[in-house]
Amino acid sequence: MRRRTARNLGIGATATVAATALVSGVAGPPGIPVDPAPAAASELARFSDCEELRQWYVEAALPHVTAWGLAGGPIIPLPVTAQSRDLMAAAPARAEGAADQAVANGETGTNVQEAGVDEPDLAKTDGSLVAHVHRRQVVLTDTGGEVPRRLATVRLPRGLDAAELLLVGERLVVLGTTWQVWRGPAVSDAMERRVSLPHGGGPAMTRVLVVDVGVPSSPVVEDDTTFDGNLVSARQYGDVVRLVVSTSTPRIDFVQPRRGRTPREARAENRRLVRESRIQDWLPTVESGGASSPLVECRDVSHPDESSGFGTVTVVGFTPDDPGARRTTAVTTSSDIVYSSADRLYLATSSFGWWDDGRKEPPATAVHAFALDGPETAYVASGEVPGQVRDRWSMSEHDGHLRVATALGRNPWNPTENAVVVLVEQGEALNEVGRVGRMGIRERIQSVRWFDEVAVVVTFRQVDPLYTLDLSDPGRPRVVGELKIPGFSSYLHPVGGELLLGLGQDATPRGRTLGAQASVFDVADLADPRRVDTLAFGRRTEFAAAGDPRAFAYLPERRTVLAALGDWDGGNRVVVLAVGEDGSLTRRGSHDVPGWDAAAVRTLPLVDGRIALVVGRTVRLLRS
């Protein structure tokens, strides 16, 4: 019998690796194809004028108005972290490279999701110069000598949180969040200084600085712009930066219950304020040079057939050498999942949240596709997949097809099953052409890895079956193989020779975790995936890449892994591993790092073969 390998499946630049825990009483491999259903979401339509747009917002918001406005009361938000924007789930994947090809870090040192699409990070390098964020500063360091030499620092504006960087030629783009202070009669002056309402009066703003570092010892801030809305995603395509920002509430001074005003009276007054609102109260704004203006015009806003919230998601494209020449498009939706390939951007919006809210209809996720051309972003098609899409790593595009891993059932935290759905653009519709399900019965997806015509999916509850999927026929995707092992891999990375490195947790047969574990899987024979080797790191340890893949680096030419590891008993460190051509794993050492957050550690490959270890205020040079 001919050996079925990833190569003879025709894998090119993209592969999907899915590991799921599956409980099945059906004999034989799971994942029998399901008859595809037509896409239920209709295409987006533009508003004819500002009044039609205003009425859309009002009608969408009125059912949610309370005595507190568009919120249940004062909300003290959780701290914004550097990886909190579009890294909320530990199910990373990458649409790059075949299963037999190793994947290196991106050009600016970051371990990214898509080849040619750079992502913001805490640290960036051009191979010699290292720029990194430390507290309220951007630090520029020369690593060309025997020891790192600090060249300059750029002090960031007060109130700019969760700053991250893009490096575009000789310009740094600094992205951060600043919070408007909520001022209302129900809070004290002391609380007023730290309370904001993401859903009713104190939304997040996105602040973007452009810094010229052509002369690294004398950086110059060239532009400072603030966008209305929370930064959902940012990506770099060559010299183009594209932001996705989301505004969730209007600029309306809602009233609250207080002495002399009952909750019923407050709600009635707030409904009146919504009905009498102006379009300027709803549309997002942009502020630059002390002047404020609409971020998007009414004619550039589109809407789905059915309302999916009263927020606005705006896509902004610009080049750092001319940041004022922005191109924008917007959708009236509350999407918080954004996936981008090199030429497409996808917004995903769930029909309702991650809970069973009593509705009779099953959850579904609408997906809107946009074509990318320089700074321009143009709507092309919409569709729908059943169930809940967990995050951007659950999506992958290859050869004109969008593949989506989705959790089916009322409760995505405990799905009845998981599936991979294949969509294709047909006119202005993203239509389903194929589906394979019955994966991970009552299991949650832990990680997905996409290749050209292969996928690997991992789920977990007690054991971790690693499923290999054949996607060579988009109309009939199918599960080919399965490997059941204790524990799970939260991050999967191709290391060459049809081997996958998995970083995750060891576990008992009953599902009790035992600490961090590195594993190597051989997927050369898709029908018979094998685990070749493992290394355990002890109880109360966890790889930072499980939640943030950017805390990981792989050097293909040296078959060397550098991964940040958190240890609750003994501090944090960067472990260095060697991956043999046979899949064996060898410890090559470790480097202790200060601080409590292993996810903030970065290891950036440099042009001279050394590694810049960036943590806190320091840059150290390592020889791998």
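1. Leu 345 has Phe 370 as its bridge partner in strand 20, within a predicted model in which local features need pLDDT of at least 70, side-chain atom pairs count only at pLDDT 80 or more, and totals for chains, interfaces and linings use all residues. Residues are numbered from 1 along each chain as its sequence is written, and side-chain values use heavy atoms, with hydrogens and water left out.

2. Strand 19 and strand 20 are antiparallel and share seven bridges; two strands are taken to pair if DSSP finds at least two bridges between them, and the elements themselves are DSSP runs numbered from the N terminus, with helices (H or I) of at least four residues and strands (E) of at least two. Phe 370 also has a bridge partner in strand 21, namely Tyr 379, where strand 20 (residues 364-373) and strand 21 (residues 376-386) pair in the antiparallel sense over ten bridges.

3. On the other flank of the description, strand 18 and strand 19 run antiparallel and are joined by four bridges, with Val 338 opposite Leu 347 of strand 19; the two strands form a hairpin that leaves three residues between them. Strand 19 (residues 344-350) is largely enclosed by the rest of the structure, because six of its seven residues are buried, where buried means under 20% relative accessible area, exposed over 50%, and partly exposed in between, with a 1.4 Å probe and protein chains only.

4. These strands belong to an open sheet of eight, in the order 18-19-20-21-25-24-23-22, with mixed pairing. Strand 18 (337-340) and strand 22 (395-398) are the edge strands, each pairing on one side only, and the twist from one strand to the next averages 25 degrees, with axes as lines fitted to C-alpha atoms (for helices over the stretch in contact) and angles running from 0 to 180 degrees between N-to-C directions.

5. Helix 1 (residues 50-61) has twelve residues and spans 17 Å from its first C-alpha to its last, close to the 16 Å expected at 1.5 Å a residue, the expected span being 1.5 Å times one less than the number of residues. Its buried residues are Leu 53, Arg 54, Trp 56, Tyr 57, Val 58, Ala 60 and Ala 61, and the buried residues of helix 1 pack against helix 3 (263-275), strand 15 (301-303) and strand 16 (312-319), contact meaning heavy atoms within 4.5 Å.

6. Ser 48 lies in the loop between strand 2 (45-46) and helix 1 and counts as exposed because its relative accessibility is 61%. The C-alpha atoms of Ser 48 and Cys 298 are separated by 8.2 Å, although the two residues are 250 residues apart along the chain.

7. Lys 124, in strand 3 (residues 123-125), deserves a separate remark, since at 1% relative accessibility this lysine counts as buried. Among the residues that Lys 124 touches, not counting those up to four places away in sequence, are Glu 119, Leu 166 and Leu 604.

8. For the chain as a whole, there are three helices and 41 strands, and 58% of the 624 residues count as buried. Among contacts between residues at least 6 apart in sequence, 60% join residues at least 24 apart.
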